[in-house]
Amino acid sequence: MSWWHFDAIAILVLVFTGIACGRVGVILHAQRQLMLGDGLAHALLPALVVAFVVLGSTGLGAAFVAAWLTVMLCQWATSCLRRALPGYGGDALGLVFSGLFALGIVLVSVLELDNVHLEPEHILFGQLENLIWLVPSQASDLLHIGIWGSAPVELFAALGACVVVELGLRWHSPHLVARLFDPAWATPTLGAPARAGLALMVSAAVLLAFLVAGALLAVAMLSSGAVIARVFARSWPQWLHGASTVSVLIGVGGYVLATRLPEWLALPVGLNAAATIALLGAVLAACASALKR
Amino acid sequence: MGELVAYEAWHWNVVWVLLAMAIMGSAAAVLGCFSVWMRLGLSADVAAHGTLPGLLLVVALLGGAAPSPLWVLLGGMVGASLTLWFLHWMRRSNSGDAAMAVALSLSFGAGLGTLSWMQQLPGTMLPGLGQLFFGFAAGMPLSEALWLIGVSVVVLVWTVLLAPRLASVIHNSQAAQLLGEGAWLRLVFFALLLALIAMGVRAAGVVMVVGLVLFPAATARCWHWHWRAQLRWAALIGAIVPAVAVLLSAAVPAVPTGASAVCLHALLLTLSLTYCWGTARSAHGTDARRRNDNVERLA
């Protein structure tokens with residue numbers, strides 16, 4: 001067993017996740033809705049359970065559709081709650097996501113879905129450490145294009161999510177900039193298709209973060225890059241590209257630290273990759289915030 | 001005979017746990033009303049997540065032994081306080097949502113990292129993931145139930161005693177500052193909130209305890225517009241729902257207490273909102289709008 005059996009796919013998935021989550025994180029941060037990413041990652045759980053019960057599979061296509069519908073449902077439910085309970089503001093989001101997450105936990109417990117990657121370990125820690133690829137027998141095999149057809153499906157899901165976010169950003173960029181800087185004009189003008197497109201991008205990134213880091217640390221994948229890049233960026237494109245770059249570096253750096261640090265320091269136990277990535281991102285974000293002052 | 005004794009023990013334990021959860025839920029609901037009026041609902045969520053590293057630190061300090069309720073209280077409060085301090089520090093140079101996201105990443109990343117580390121150490125007495133994160137009150141020992149009752153009663157009594165002053169601080173913060181009351185009242189309020197969250201974590205779970213804080217306040221808001229009446233409704237709802245969840249959890253052990261309580265709260269809120277929507281469209285629509293205006297002013 002060599003490093004590429006365990007690390008190659010995880011690192012590639014983290015690169016694509018960093019690109020997608022960094023960009024979507026900037027969009028959410030600019031709208032002051034970064035906690036929406038946390039809420040959506042929580043709310044994804046009942047959607048995945050319902051998708052499994054209805055369709056009988058935990059395939060990533062079904063998960064993506066479930067995530068998209070969840071994003072739109074959450075946005076609708078939050079706006080309804082804000083209208084019904086004036087003065088609630090951000091707390092309306094807290095109500096929606098804790099209610100949906102609790103529903104997901106009850107469904108998982110009652111339906112006993114322990115064999116479909118929806119048990120507490122996967123919900124809390126993500127599936128990064130399960131991305132093992134045993135097909136290549138030596139490092140040079142990785143250069144053959146044909147062998148990549150046998151790679152884990154999570155790699156293609158990550159690539160697909162990255163493409164969705166990039167295409168969405170290119171198509172949606174003028175609308176998005178208008179929405180960010182002149183919401184009074186943009187919100188009634190853009191209409192349902194633009195909102196659905198934005199929800200598509202957000203759902204792709206949140207689903208990817210959920211798979212990699214679990215429901216509770218997905219917010220770390222979305223927020224760290226955007227918060228750090230905000231300190232140094234001087235324009236919108238700089239912020240977007242900077243956040244993606246920083247997210248990739250945090251993801252890969254955190255993973256390398258989690259897998260190699262115990263070996264380097266001769267520690268008796270291993271480190272959890274998702275938690276190390278979240279910690280690294282948060283510490284760097286705190287350092288960047290200190291520099292900002 | 002042995003079965004009878006076991007049944008009796010189970011029976012009395014569930015009664016104590018039921019009482020503990022009812023009082024804890026009631027105290028959480030009353031604190032939740034003030035949290036929402038102060039716009040601190042999501043901060044309470046971040047603080048609840050911050051209890052995890054504190055609890056694990058206590059287990060590590062005790063050499064892997066199961067901590068007593070006093071240690072749970074101290075460890076949870078220290079973890080949550082540090083998380084709230086970090087959140088406050090991050091808010092000085094970031095928007096509120098970004099500060100919360102980073103604080104959540106730091107506290108929960110530290111918690112999950114420590115947890116996965118300690119799970120690999122032999123001889124460490126840690127509850128299961130489901131119990132730790134989503135709560136399992138029905139399996140709570142009697143000593144913990146008594147501690148939960150004690151802390152909840154203290155928190156409830158203090159909050160009720162301070163309620164008029166807290167309401168005046170929320171309603172007119174400038175006047176409160178002039179009277180020199182705002183700062184210490186907020187400090188006491190946070191201490192009460194953190195104590196309750198730290199003690200409630202074992203019963204309701206790290207992730208779910210905030211649901212017991214936020215939901216009853218929102219439901220009570222649908223039923224009455226006056227703040228005192230909202231507190232009474234919230235206390236009543238907050239007591240009944242977790243007690244029902246304990247019974248559910250005792251009957252079906254696979255269902256975590258915290259998650260089932262939050263589900264019941266969400267159902268009750270949905271029904272209450274439907275009622276609200278119905279009355280707002282009725283002949284009392286103008287009255288309802290006036291109530292909302294008053295409540296918004298208070299919030």
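**A glycine and its surroundings**

Modeller: In this predicted model, G197(A) is part of helix α7 of chain A, which spans residues 183-213. Apart from neighbours within four places in sequence, G197(A) is in contact with G168(A), W171(A) and H172(A).

Elsewhere in chain A, helix α10 (residues 273-292) has 20 residues. From first C-alpha to last, α10(A) reaches 28 Å, close to the 28 Å expected at 1.5 Å a residue. This helix is mostly covered, with 15 of its 20 residues buried.

The largest nonpolar core holds 216 residues, and those that touch the most other members are L44(A), A205(A), A209(A) and L196(B). Helix α1 of chain B (residues 2-37) gives the most to this core, namely 16 residues. In soluble globular proteins, nonpolar side chains tend to be buried together. For L196(B), the contacts beyond four places in sequence are M24(B), A27(B), A28(B), L31(B), V151(B), S152(B) and V155(B).

Turning to the meeting of the chains, 52 residues of chain B are in contact with 51 residues of chain A. On the chain B side, the elements that give two or more residues are α2 (41-61), α4 (96-119), α5 (129-134), α9 (209-223), α11 (257-280) and α12 (285-298). Among these, α4(B) gives the most, with 15 residues. By class, this side of chain B has 34 nonpolar, 13 polar and five charged residues.

The helix α4(B) also packs within its own chain. Two packed helices are described by the angle between their axes and the distance between the axes. For α3(B) (residues 69-91) and α4(B), the axes come within 9 Å and cross at roughly 145°, and the crossing is right-handed. On α3(B), the contact is made by T83(B), F86(B), L87(B), M90(B) and R91(B). The α4(B) side consists of G96(B), A99(B), M100(B), V102(B), A103(B), L106(B) and S107(B). Classed by residue type, this helix pair has eight nonpolar, three polar and one charged residues in contact.

Note on methods:
Residues are numbered from 1 along each chain as its sequence is written. Chains are lettered from A and ligands numbered from 1 in the order in which they are written. This is a predicted model: local features need pLDDT of at least 70, side-chain atom pairs count only at pLDDT 80 or more; totals for chains, interfaces and linings use all residues. Two residues are in contact if their C-beta atoms, placed from the backbone, lie within 7 Å. Helices (H or I, at least four residues) and strands (E, at least two) are DSSP runs, numbered from the N terminus. Ala, Val, Leu, Ile, Met, Phe, Trp, Tyr, Cys and Pro count as nonpolar, Asp, Glu, Lys and Arg as charged, and the others, Gly among them, as polar. Axes are lines fitted to C-alpha atoms, for helices over the stretch in contact, and angles run from 0 to 180 degrees between N-to-C directions. A crossing is left-handed if the near helix is turned anticlockwise from the far one by less than a right angle, and right-handed if clockwise. A nonpolar core is a set of buried Ala, Val, Leu, Ile, Met, Phe, Trp, Tyr and Cys residues joined through C-beta atoms within 7 Å. A residue is buried if 20 or more other C-beta atoms lie within 10 Å of its own, exposed if 12 or fewer, and partly exposed in between; C-beta atoms are placed from the backbone. The expected span of a helix is 1.5 Å times one less than its number of residues.
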